[in-house]
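Please read them beside the model.

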Amino acid sequence: MVSKADTDGFSEGERAAMKERAAELKKETTRSRGSKAAAEELDVLSKIAQMAPSDRALAERVHAIVTANAPDLSPKLWYGQPAYARKGKVVCFFRSGHADKEPYSTFCFTATASLADDSGLWPTSFAVTQLSEQAAEHIAALVKKAVS
């Protein structure tokens, strides 16, 4: 027998992410402008601290890379995951593989990122299992381009 939950189109994880996003939006409306940026960064750091150790290490490194290479991006939670926004619009974000029950985490860019090029093909999502120095440099270059 197929239940209504099996046919409504959203998985349990997706419904949980939507609920988290609704709570994030509600929290954003109650914060004053002066404390909003600091509080949102604390939310991101708290979320990272709650991750499984392997994801936490990746997310901490991604956070350091993004904040060092694109200081005008503001950390914030987006669907319960660390994200980085310019003027309120998310440019890039990290998704925990553990939270998504996937064998890898992902680092992604939204359409707001300035990554489009003349070839008609450009990267928007990367599987991340470790961050070698070369991978960290690649992410840094992409983040810089995304905000250019």
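The points below take the basis of the model, then the cysteines, then the aromatic pairs.

1. Basis. This is a predicted model, in which local features need pLDDT of at least 70, side-chain atom pairs count only at pLDDT 80 or more, and totals for chains, interfaces and linings use all residues. Residues are numbered from 1 along each chain as its sequence is written, and side-chain values use heavy atoms, with hydrogens and water left out.

2. Disulfides. The count is 0 disulfides, where a disulfide is a pair of cysteine sulfur atoms within 2.5 Å. For cysteine 92, the closest cysteine sulfur is that of cysteine 108, at 9.5 Å, which is too far for a bond. Cysteine 108 is likewise in no disulfide.

3. Cysteine burial. Cysteine 92 is buried, at 0% relative accessible area. Cysteine 108 is buried too, at 8%. Buried means under 20% relative accessible area, exposed over 50%, and partly exposed in between (1.4 Å probe, protein chains only).

4. Aromatic pairs. The structure has 3 aromatic pairs. Rings of Phe, Tyr and Trp (its six-membered ring) pair if their centres lie within 6.5 Å; planes under 30 degrees apart are stacked, over 60 edge-to-face, and the rest tilted.

5. Tryptophan 78 and tyrosine 79. This pair is edge-to-face, with 5.3 Å between centres and 70 degrees between planes. Tryptophan 78 is partly exposed at 23% relative accessibility. Tyrosine 79 is partly exposed at 34%.

6. Phenylalanine 107 and phenylalanine 109. Their ring centres are 5.2 Å apart and their planes at 80 degrees, so the pair is edge-to-face. Both residues are buried.

7. Cluster. Trp78, Tyr79 and Phe93 make up one aromatic cluster.
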